[in-house]
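Thank you for making the time this morning.

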Amino acid sequence: MRKNALCAATALSVFAAGSAFADNHSTITVATVNNGDMIRMQGYTDQFTEATGIGVEWVTLEENVLRQRVTTDITTKGGQFDIMTIGMYETPIWGANGWLIPLDDLSAEYDVDDILPAMRGGLSHDGTLYAAPFYGESSMVMYRTDLMEAAGLEMPEAPTWEFIREAAIAMTDRENDINGICLRGKAGWGEGGAFITVTANSFGARWFDEDWNAQFDQPEWANALNFFVDLMAEAGPPGYSTNGFNENLSLFQQGKCGMWIDATVAASFVTNPDDSTVADSVGFALAPDTGMGKRSNWLWAWALAIPAGTQKEAEAKQFIEWATSKEYIELVAANEGWANVPPGARTSLYENPEYQAVPFAQMTLDSINAADPTNPTVKPVPYVGIQFVAIPEFAGIATEVSQEFSAVYAGQQSVEEALEKAQAITNDAMEAAGYR
């Protein structure tokens, strides 16, 4: 990784004053996800170590595996990690349980108030911050402008699902291995489960009614799932039932997708000419809707949190202040350009004229601002959360449900069978948990 000494010094200024309190021989262990921004951060970690004497060991895992490992570790008080990469689902629940160390004493220079309100709120419990966002995201449409033009179509800034389907079919070219659209089908509540949930939201569906009764037996879910399956059969890649974020990113970068609807954070990867063969022909639009008033976009942050059992709280806080600071953003910008900084976490980034010039900056912010976790569905619901339901039982339930849906995508069962199983899985679990 290229280094910039001046920026390194600046980036370290936030916490270097506190390094005297750290044990120069201590090492912290960080569990994180194998997404591009987190991999990039690891390349700069030696600068943190040089300034503080704190070593950093990384445990880098695929998303579903990360969720399982950190959840097991924190619920069993395993103590394997000093910092965990978690998100908006886990943070408030784990904070309420006393499983995380509050981040209520970060330095004035760190400027907690600069964190975007949507991110700060989603990573807090009762007004106390329990995780600091490394980056924040919603989801949006990324598309090939050249293929759209060749199809004789123009992407609206706020498309409908019907337009997406029309465009996907028009851009599909099986002979040249171009799929009109690439979407997540991989099992996992935060993988394909997240995508089909926000899609269903836009079709008027919901996980539960106001009395915590599962709603998979309602027509809105059938409409959403049938639409998704038909769309992917007509215009999606083969084997999409095992494709998640990273798999679709690779397909898009190789020029094999006309459109990809996924995390806004991917914009820097698909427009990076070092990695993407289509970097110079990518456009952006809001996630689609069906005219019911809800777009199929989520709200998420990959954030750094400290488990309550750590013996290295001071060192862990120093690392979090470094990795999620304004100065770290400037460090990445100086070395790799503003398009490659961690997005969606700080207000000051979107006020920066240099970042405002990045083609996807405004669409990312608009997508984040369009997501409302307190009002996620067309019909009223008793829960908070867009692509998830913010209750402890959700991860287990939704993982099972997503497996049933992925079996549909793989041609192993019908939509009707999957929805019937999802209804039973969900209601049984909620009854056992005392919600019904």
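Let me begin with the lining of the largest pocket, whose residues divide into seven nonpolar, eight polar and two charged. Please bear in mind throughout that what we are looking at is a predicted model.

The volume of this largest pocket comes to about 390 Å³. Its lining is made up of 17 residues, and if you want to find the centre on your screen, the closest residues to that point are Arg67, Gln68, Thr71, Trp189 and Ala395.

Which helices supply at least two residues each to this lining? They are helix H3, which spans 63-75, helix H4, which spans 90-96, and helix H17, which spans 394-409. Among the contributors, H3 provides the largest share, with six residues.

Let me now turn to the second largest pocket, which holds about 260 Å³ of space. Here the lining consists of 15 residues, and those that lie nearest the centre are Pro92, Gly121, Gly122, Pro373 and Val384. Two or more residues of this lining come from H4 and likewise from helix H5, which covers 117-122, and the largest share, three residues, belongs to H5.

How many charged residues does the lining of the second largest pocket have? There are no charged residues in it, and the lining is divided by class into 10 nonpolar and five polar.

Notes:
Residues are numbered from 1 along each chain as its sequence is written. This is a predicted model: local features need pLDDT of at least 70, side-chain atom pairs count only at pLDDT 80 or more; totals for chains, interfaces and linings use all residues. Side-chain values use heavy atoms; hydrogens and water are left out. On a 1 Å grid over the protein atoms alone, a cavity is a set of points where a 1.4 Å probe fits but cannot get out, and a pocket is an open set with protein on both sides within 12 Å along at least five of seven lines; lining residues have an atom within 4 Å of a point. Grid points are joined across faces, edges and corners, and a volume is the space filled by probe spheres set on the points. Helices (H or I, at least four residues) and strands (E, at least two) are DSSP runs, numbered from the N terminus. Ala, Val, Leu, Ile, Met, Phe, Trp, Tyr, Cys and Pro count as nonpolar, Asp, Glu, Lys and Arg as charged, and the others, Gly among them, as polar.
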